[in-house]
Amino acid sequence: QLMQAVSRDLTSQLLKVLSGLRLMQIEYDEANQYMTTCGQIFSSWNELYRGFKDIMKAQKKTGMSDKERFSSAAGASIEKFEHTTLEFRIDDIRIFRNQHEKLSEVIHRVFSKDNTESSEVELLAMKELNNAYAIMAGIDILNIQKDGEDAYKGASKAYDSKIDRVETQITNQLRDKLGAASSANEMFRVFQKFNPLFFRPRIRGAIQEYQSQLISTVKDDIQRLQEKFKMRFKKTEASTMSKVRDLPSISGHIIWATQIERKLSIYMNRIEDVLGTVWEQHSEGKKLKETGDQFKRKLSQGIQGQYDEWVDNIQKHPFLCDFSGRIINIVTHRDEETEVLELAVNFDEKIISLFKEVRNLTWLGFAIPFTIKIKADEAKLVYPFAMALQETIRTYEQ
């Protein structure tokens, strides 16, 4: 009886305070702060009440029979306090205002800065949304008596009915845009735009038939990427283009693999656009995530493997970076009858690719070993002189 009296007093005091705050009229952030504070008060009550019960049980145990103990324990488990109804109502208000605010923000974000048709849809949707909210704001939201409960249920039903009309307008425009799309890419753009609204079951259900079609497209795209990766880089068109663009082999290979990795990320993002933020919980989304993660690991291993192999080769052949020897060598060329002596600059052609590789790999974000970087910088300084000497010798021999 003592705790019931305290609960009634708590309920009375909270209603006095909250009634003056007008939870449905004030800004969402302010209302949410007040409701969070109420939640903390109820949590404190529950914690203190558990402690109070433990103390009372300990005091009773000494003078109770087994039958009385059993009766006391059973009775304690079914206690209900007056403030519990208010706690549930405040929690309902918090969830309601959160969902309404989210829907309002998403509608504005999806339709803003768009064409006239979309603006008209936004205006109609927001008007319906505001009218629906006015229904809930028009009742005594904190009345937890029988008449207040009936009014709350009736207002909630009327609000849901108006929100259904809003969602129907949005769904119709979404389906019209998807139906008018001439390609899968256009459909992906529509899904990307409306994706924030997919948390609403009605809107999500309206686009299921298109989801299957686009998920199939993503599957095919990922499959083509895997087949492309299985080809050797040297046999691809990218290898030829790398030579045209003066990219050395390792950098060209890694850039090619990185481009595949980037396309994979685009395709994985498309899955989220189609299925929503919880796409990983979807059966098809889960399968595609496993496929995508496995493929991404292969790409990462391939890229790192190429880089590690290049570093090992450079470190195993330090003579490529030795500029301390002779500047010009005499090279002997023999054929069946004669022996020809020629001048040649003592500069290995592989050095040219070394500093180009270092430059490109650094740009790609690789941490080049310090010794290799120093030698590449030396090669870059020597390179113009070596090329000038070669041209001079070629002119001399002609």
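Start by selecting E284: with a relative accessible area of 24%, E284 is partly exposed (buried means under 20%, exposed over 50%, partly exposed in between, with a 1.4 Å probe and protein chains only). This is a predicted model, where local features need pLDDT of at least 70, side-chain atom pairs count only at pLDDT 80 or more, and totals for chains, interfaces and linings use all residues. Residues are numbered from 1 along each chain as its sequence is written, and side-chain values use heavy atoms, with hydrogens and water left out.

E284 sits in helix α12 (residues 283-316) and K219 in helix α9 (residues 208-230), 65 residues apart (helices are DSSP runs of H or I, at least four residues, and strands are runs of E, at least two, numbered from the N terminus). K219 is partly exposed too, at 37%.

Stay on α9 and pick D221. Which residue forms a salt bridge with D221 at 4.0 Å? It's R270, over in helix α11. Both R270 and D221 are buried.

Next, colour the largest nonpolar core, which has 93 residues (buried Ala, Val, Leu, Ile, Met, Phe, Trp, Tyr and Cys residues joined through side-chain atoms within 4.5 Å). Helix α11 (residues 249-275) gives the largest share, 11 residues. Zoom in on W310, one of the residues with the most contacts inside this core. Skipping neighbours within four places in sequence, W310 touches residues including I250, L354 and I372 (contact means heavy atoms within 4.5 Å).

Time to visit T11, in helix α1 (residues 2-21). Is T11 buried or exposed? Buried, at a relative accessible area of 1%. The T11 side chain reaches the backbone oxygen of S7 at 2.9 Å and the backbone nitrogen of H83 at 3.2 Å. Then select K380: its C-alpha is 81 Å from that of T11, and the two are 369 residues apart in sequence.

Last stop: select L343, found in strand β2. L343 is partly exposed, at 38%.

Methods. A polar contact is a pair of N or O atoms within 3.5 Å; within protein, one must be able to donate a hydrogen and the other to accept it, and residues adjacent in sequence count only if both atoms are side-chain atoms. A salt bridge is a side-chain nitrogen of Lys or Arg within 4 Å of a carboxyl oxygen of Asp or Glu.
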